[in-house]
Amino acid sequence: KKKNMTGFAQLPIELIASIFCKLDLESKLVARQVCWEWKYVLDTLFMKFQVLLTNQSMPYVRRCMQLNVDTLQVRNFSRKIVPSPDSTNNQLYLHPKKIVFMRKPKTILKASVCPENTIEVLDRNGGIEYLRWDFNTLQYNDLQGIQQIQFQNLKQLKV
């Protein structure tokens with residue numbers, strides 16, 4: 001087995017990329033599990049994960065910390081997040097570049113994310129570059145806590 005991995009590592013990156021390019025998304029996700037070299041190549045060249053955080057997906061999202069999360073979409077999320085003083089040990093410390101707070105489909109008046117969760121998600125992922133709240137997802141209760149968070153890398157804000 002070790003001999004095969006050495007052979008893989010010696011292939012030109014262009015050839016490896018060409019091979020992985022032909023795979024569909026599901027096959028790429030399976031291929032990531034073959035070895036760490038494949039996982040590294042796939043994650044670096046092809047995978048920019050969008051993670052949808054909802055009440056139902058919370059257990060899955062907690063296991064996504066190793067993924068290259070590009071966008072964290074938050075919708076219909078009222079489940080309690082237990083604050084932790086150690087930010088590197090938090091359940092939702094995903095390092096996304098973008099966070100989007102989305103409203104429930106076909107809902108206009110009711111916010112889909114509770115204010116405490118909005119603040120926790122933002123506080124745990126303060127290095128974002130892009131932040132957006134869809135219509136009626138930002139509540140007055142959110143504002144005071146959000147003002148305390150430092151967004152050092154924020155380049156675009158949409159409300």
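Predicted model: local features only at pLDDT ≥ 70, side-chain atom pairs only at ≥ 80, totals over all residues.
A residue is called buried here when its relative accessible area is under 20%, and exposed when that area is over 50%, with partly exposed in between.

**The chain as a whole**

- The protein chain contains seven helices and five strands, and from the N terminus on these elements follow the order α-α-α-α-β-α-β-β-α-β-α-β.
- Of the 159 residues in the protein chain, 36% are buried.
- The protein chain exposes about 10,400 Å², and carbon and sulfur atoms supply 53% of that area.
- Among the contacts in the protein chain with a separation of 6 or more, 64% are made by residues 24 or more positions apart.

**Helices α2 and α4**

- Helix α2 covers residues 13–21 and helix α4 covers residues 36–45, and their axes come within 11 Å and cross at roughly 80 degrees.
- Angles of 65 to 115 degrees count as roughly perpendicular, and α2 and α4 are therefore roughly perpendicular to each other.
- On the α2 side the contact involves Ile 13, Ile 16, Ala 17 and Phe 20, which meet Trp 38, Val 41, Leu 42 and Leu 45 of α4.
- The residues of this contact between α2 and α4 divide into eight nonpolar, no polar and no charged.
- An α-helix has 3.6 residues a turn, so residues three or four places apart point the same way.

**Helix α6**

- The buried residues of α6 are Pro 115, Asn 117, Thr 118, Glu 120, Val 121, Leu 122 and Arg 124.

**Two loop residues**

- Thr 54 lies in the loop between strand β1, residues 49–53, and helix α5, residues 58–62.
- Thr 54 has a relative accessible area of 9%, and because the limit for a buried residue is under 20%, Thr 54 counts as buried.
- When its neighbours within four places in sequence are left aside, Thr 54 is in contact with Arg 75, Asn 76 and Phe 77.
- Asn 136 lies in the loop between strand β4, residues 130–133, and helix α7, residues 140–147.
- Asn 136 counts as partly exposed, with a relative accessibility of 29%.
- Although Asn 136 and Phe 101 are 35 residues apart in sequence, their C-alpha atoms are 9.7 Å apart in space.

Note on methods. Residues numbered from 1 in each chain as written. Heavy atoms only, no water. Axes fitted to C-alpha atoms, helices over the stretch in contact; angles between N-to-C directions. Helix = DSSP H or I, 4+ residues; strand = E, 2+ residues; numbered from the N terminus. Parallel < 35°, antiparallel > 145°, perpendicular 65-115°, else oblique. Contact = heavy atoms within 4.5 Å. Nonpolar A, V, L, I, M, F, W, Y, C, P; charged D, E, K, R; others polar. Buried < 20%, exposed > 50% of the residue type's maximum accessible area, 1.4 Å probe, protein only. Areas by Shrake-Rupley, 256 points an atom, 1.4 Å probe, with all protein chains shown as cover.
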